[in-house]
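Hi,

Here's the structure I said I'd pass on to you.

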Amino acid sequence: MGAEPATLLVVGGRVWTGDPARPWAEAVAARGEQVVAVGPRAEVEKLADEATDVVDAAGGLVTPGWIDSHVHLFQGGANLRSVQLRDADSRAVFVERLREHAATREPGEWILGGDWDHTLWGGELPDRAWIDEATPRNPVWINRLDGHMALANTLALERAGVEEDVAAPAGGAIERDDSGRLTGLLRDNAMALVERVVPDESASERLAALDAAVEYLLANGVTTVCHMGTLDQARLLRSARQSGRLRVRVHASTPLSGWELLLAEIERAGPGDGWVRLGGLKGFVDGSLGSHTAAMLEPFTDQPTDRGLLVNSEDDLYAWIKGADAAGLVIRVHAIGDRANRLLLDIYERVATENGPRDRRFRIEHAQHLHPDDLPRFAGLGVIPSVQPYHAIDDGRWAEGVIGAERCRTTYAFRSLLDSGARLAFGSDWFVAPASVLEGVRAAVYRRTLDGVNPDGWVPEEKITPEEALHAYTTGAAHALFEESRLGVLRPGAAADLVVSNVDWLADDAQRLPEAAVRTTIVGGRVAYDAAAAE
């Protein structure tokens, strides 16, 4: 085990290692940032001396650090500091929270974020007429929780030069009322009409958002994330790493359409290190189901003349993916609707054939609504479904009204994907959903929708086991990042990233899963979050 003493010991709990060669242990020792021993407590404790930091798991479950395969790090952090509309359950609450928040802002400052959900107050979409009187001094641009639709007040439309006769761009939509008046709602590509005039955050604002995001993630046991963002954000993450400010590991994804810019950045400054890694690209096929912009093979049940939209053309997607793949970059593309998923699987299959064999690990982000014929194609093509289980219990409240019960049978099809041989990578899509791994595990295991209407589970045949869900947040997520030898597992030589839960939620048929919470988060061999100290 080596002569030098360990710098960290975790004892007193049951250790789930994620290593099939040795799945269970009693203790873990780390030296610096690496695991040096996993095994019986009596053996591992021989590595300690008086300077070793000892974490007592107190009967809880010890696992590898949890990986969130899909987050929007900076927007999530910024939204924590902005107006909170996620649980606004009426028009009155929605407007009053904006009024109260606007009173704290200087005249002219933009109000952003929000994460509102119109299904909570019966499904009526908000209108700028609701909020103009409450926000007369501040331009408002607040997004629906899925990020594919946002509401502008009149002042924001004026600042953006958006007039009543504006036309929607390709891949976008603009809402009007029965009289033809702009309601202030813009969807997908049309959102750029306002976003182009939203002022950039200052460096200090972005760093404050990053700090807020990191604290939130650590409190939820997240030690590594796959961030979906911009090249400028990737550079800021590099800087935060160099200054010692970054306390979670980040795989940074940048826009697919700018893959050549990413390639130039890697050639200039390298791909990164064990804390910040570049090389991944994020693209879009379609929008979201809640915004009726998911690309479907058949029309929406509640809008029989509409089948959603493509955010990017098939030709552009093919050209970007082929070029980026040939350059050795990693491709991660958003697809929600069954048409979008089929189109992307077709492109992936074509590009893999044309560019030749390599370990490319194509990913489909969300893979939400799948045609039954396409389920086995993920495993057959080696495509990773990067999915977010919390979305199932959120969207399950209303999805059947949008696409009908039959199509919902292969919606968030975690069990079917696993049984077909696909390797799941779990995440949250935070800011869209909370970055709580335990909430995600419970969502995948129980599938009880947030409204309490499905106590036995929504589409219960798609439930998975707690251990399968844990694999998707550790070994599966690490595989999707090409990090399976270092992350998502506890064995000598792996990164010393661990999570201690307050109870052993894998024991006794996971009876204690409902009460599970994060007690301690360890990143790089150091305690980064301690629940008792935080309280």
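In which sense do strand S7 (residues 61-64) and strand S22 (residues 498-501) pair, and over how many bridges? Before I get to that: keep in mind that this is a predicted model.

The pairing of S7 and S22 is antiparallel, over 3 bridges. If you want a spot to look at, Val62 has Val500 in S22 as its bridge partner. Both strands belong to an open sheet of 6 strands, in the order S3-S2-S7-S22-S23-S24, where the pairing is mixed. At the edges sit strand S3 (24-25) and strand S24 (526-530), each of which pairs on one side only.

S24 turns up again in the pockets. The second largest pocket has a volume of about 260 Å³. It is lined by 14 residues, and the closest to its centre are Leu246, Arg247, Trp275, Val523 and Arg526. Helix H8 (231-242) and S24 are the elements that give two or more residues to that lining, with the largest share, 3 residues, coming from S24.

Another strand pair to check is S15 (residues 222-228) with S16, which run parallel and are joined by 5 bridges. Here His227 stands opposite Ala252 in S16. Strand S16 (residues 249-255) is largely enclosed by the rest of the structure, because 6 of its 7 residues are buried.

Last one, helix H10 (residues 314-326). With 13 residues at 1.5 Å a residue, H10 should span 18 Å, and its end C-alpha atoms are 18 Å apart, so the two agree. Which residues of H10 are buried? They are Leu317, Tyr318, Trp320, Ile321, Gly323, Ala324 and Asp325. Their cover includes helix H9 (259-269), strand S17 (276-284), strand S18 (330-335) and helix H11 (338-355). Just after H10, take a look at Gly328, which has a positive phi of about 85 degrees.

Cheers

Technical notes. Residues are numbered from 1 along each chain as its sequence is written. This is a predicted model: local features need pLDDT of at least 70, side-chain atom pairs count only at pLDDT 80 or more; totals for chains, interfaces and linings use all residues. Side-chain values use heavy atoms; hydrogens and water are left out. Helices (H or I, at least four residues) and strands (E, at least two) are DSSP runs, numbered from the N terminus. The expected span of a helix is 1.5 Å times one less than its number of residues. Buried means under 20% relative accessible area, exposed over 50%, partly exposed in between (1.4 Å probe, protein chains only). Contact means heavy atoms within 4.5 Å. Two strands pair if DSSP finds at least two bridges between them. On a 1 Å grid over the protein atoms alone, a cavity is a set of points where a 1.4 Å probe fits but cannot get out, and a pocket is an open set with protein on both sides within 12 Å along at least five of seven lines; lining residues have an atom within 4 Å of a point. Grid points are joined across faces, edges and corners, and a volume is the space filled by probe spheres set on the points.
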